[in-house]
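Here's a quick briefing to keep beside the viewer. Have a look at the chain first, then read on for the surface, the helices and the charged pairs.

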Amino acid sequence: SRSKVDSAPERGRGDRTRPARSPHRPSRSKVDSAGPWRRCAPAGPAGMEEASTQKDWEDRNFHETVVQSLHTVADVVNRFEKSAQHRLGEVSAKLSRLEHSMLVVESKLASAAALQ
């Protein structure tokens, strides 16, 4: 009689099926971003030191992310301020030209009324 292992079909070069995942190894979706070693830290002082080091790296990574985000926000605000100043300068120049044109028109109207 054949055992279950012997009764399995033999794989040839043309068979492209993937082997079954080992039950002892989690799929990638179940492994967190820090990797499997974080969940399996050894017990004792060495494990505590490793966990402390890991926490320190996470804190530094978080700090760096916050600093980069603040720099990005500051850059956006500075660019907006520069753009707004430029646009306000253009509007101010247009308003000055309109005020000058209005003074010219008012003086022409005043001189035309005086001639009548």
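Of the 116 residues in this chain, 3% are buried, where buried means under 20% relative accessible area, exposed means over 50%, and partly exposed is anything in between (1.4 Å probe, protein chains only). Keep in mind that this is a predicted model: local features need pLDDT of at least 70, side-chain atom pairs count only at pLDDT 80 or more, and totals for chains, interfaces and linings use all residues. Residues are numbered from 1 along each chain as its sequence is written, and side-chain values use heavy atoms, with hydrogens and water left out.

**Overall layout**
- The chain has 3 helices and 0 strands, counting DSSP runs numbered from the N terminus (helices are H or I with at least four residues, strands are E with at least two).
- Reading from the N terminus, the order of elements is α-α-α.
- Helix H3 covers residues 45–115.

**Surface**
- Phe62, Val66 and Leu70 make a nonpolar surface patch of about 310 Å².
- To be in a patch, a residue needs over 30% relative accessible area and no salt bridge; like charges are joined within 9 Å, and nonpolar side chains (Val, Leu, Ile, Met, Phe, Trp, Tyr) within 5 Å.
- Leu70 sits in helix H3, and its relative accessible area of 55% makes Leu70 exposed.

**Salt bridges**
- How many salt bridges are there? The count is 2, taking a salt bridge as a side-chain nitrogen of Lys or Arg within 4 Å of a carboxyl oxygen of Asp or Glu.
- As background, side chains of opposite charge can pair when their charged atoms come close.
- Lys55 pairs with Asp59, at 3.1 Å from N to O.
- Arg60 bridges to Asp56, with the closest N and O atoms 2.9 Å apart.
- Arg60 and Asp56 are also 4 residues apart in helix H3, so about one helical turn lies between them.
- Here Arg60 is exposed at 52% relative accessible area, while Asp56 is partly exposed at 34%.

How values were computed: Areas by Shrake-Rupley, 256 points an atom, 1.4 Å probe, with all protein chains shown as cover.
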